[in-house]
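Reader: Please take a close look at one part of this model, the nonpolar core, and then relate that part to the contact between the chains.

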Amino acid sequence: MTAAAHSRVTLRVQLFASYAEALGQDVLELSLDEPASVLDAVQRIRALPGGDKLPQRPLCAVNLSQVTLGAPLKSGDELALLPPMAGG
Amino acid sequence: MFLTSSPIELAALIAEVQSGDRGGIACFVGAVRDHQHGRAVTRLDYSAYEQMAEVECARIIAEAEERWNCVVALRHRTGSLLVGDVAVAVAVAAAHREEAFAGCRYVIEEVKRRVPIWKREYFADGTVEWVDASAGDLERSRS
């Protein structure tokens, strides 16, 4: 095993509204094997207690911009899981 | 700052966009409605992903201002609002009314679609629900 095989992506995840309520928290820290995608993070979050209430493919944003689930994650990113928007 | 926890004053928004070369000012004001799908509503609590909401509002305004050669002022409330309270207001000024109306319509529709804001609805019967606008659209499209 090389050192690279142990590389981890650590990031901060923000949850809002019904998703925060489902998980019982609005911020969490995740550590994923590299390379990691948004979908990897979503799957990890959905495995947490209450996470099964989240959709399999929620709307996500990384560093304040909407992204697709295939988008890559790097350490220090801020991932946000966004329930259906309801402004206005 | 486009999000505010204070009451929204439409006159202040109009003053922000008014100028001698802009003869048309279109406004939209969204207020808390006393019913939703036939059920009586008493109040709404608004929350937001504030950093992203600010960025997204700025993007929407830049798009409208470029497309219709207009100037846009926008505010959206956060916190607890009662029936009749203003939740969102848009004022758009342009040389002529056509651009002002078009820009105003664009901004409010994009705000509802793209800005990460959520609301919790308090019904008169004591129940409380997160509003899912996408589910509402589905429901309306079926009716």
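**The core and the chain contact**

Author: Leaving aside residues up to four places away in sequence, Val72(B) touches Val17(B), Ile61(B), Ala64(B), Glu65(B), Val90(B), Val92(B), Gly103(B) and Val107(B); two residues are in contact if their C-beta atoms, placed from the backbone, lie within 7 Å. The model is predicted: local features need pLDDT of at least 70, side-chain atom pairs count only at pLDDT 80 or more, and totals for chains, interfaces and linings use all residues. Residues are numbered from 1 along each chain as its sequence is written, while chains are lettered from A and ligands numbered from 1 in the order in which they are written.

Val72(B), Val90(B), Val92(B) and Val107(B) touch the most other members of the largest nonpolar core, which has 60 residues. Such a core is a set of buried Ala, Val, Leu, Ile, Met, Phe, Trp, Tyr and Cys residues joined through C-beta atoms within 7 Å, a residue being buried if 20 or more other C-beta atoms lie within 10 Å of its own. Strand E7 (residues 86–94) of chain B gives this core its largest share, eight residues; strands (E, at least two residues) and helices (H or I, at least four) are DSSP runs, numbered from the N terminus.

Turning to the chain contact, 24 residues of chain B are in contact with 14 residues of chain A. On the chain B side, the elements that give two or more residues are helix H2 (50–68), E7, helix H3 (97–114), strand E8 (117–123) and helix H4 (133–142). H3(B) supplies the largest share of that side, five residues.

Technical notes:
A residue is buried if 20 or more other C-beta atoms lie within 10 Å of its own, exposed if 12 or fewer, and partly exposed in between; C-beta atoms are placed from the backbone.
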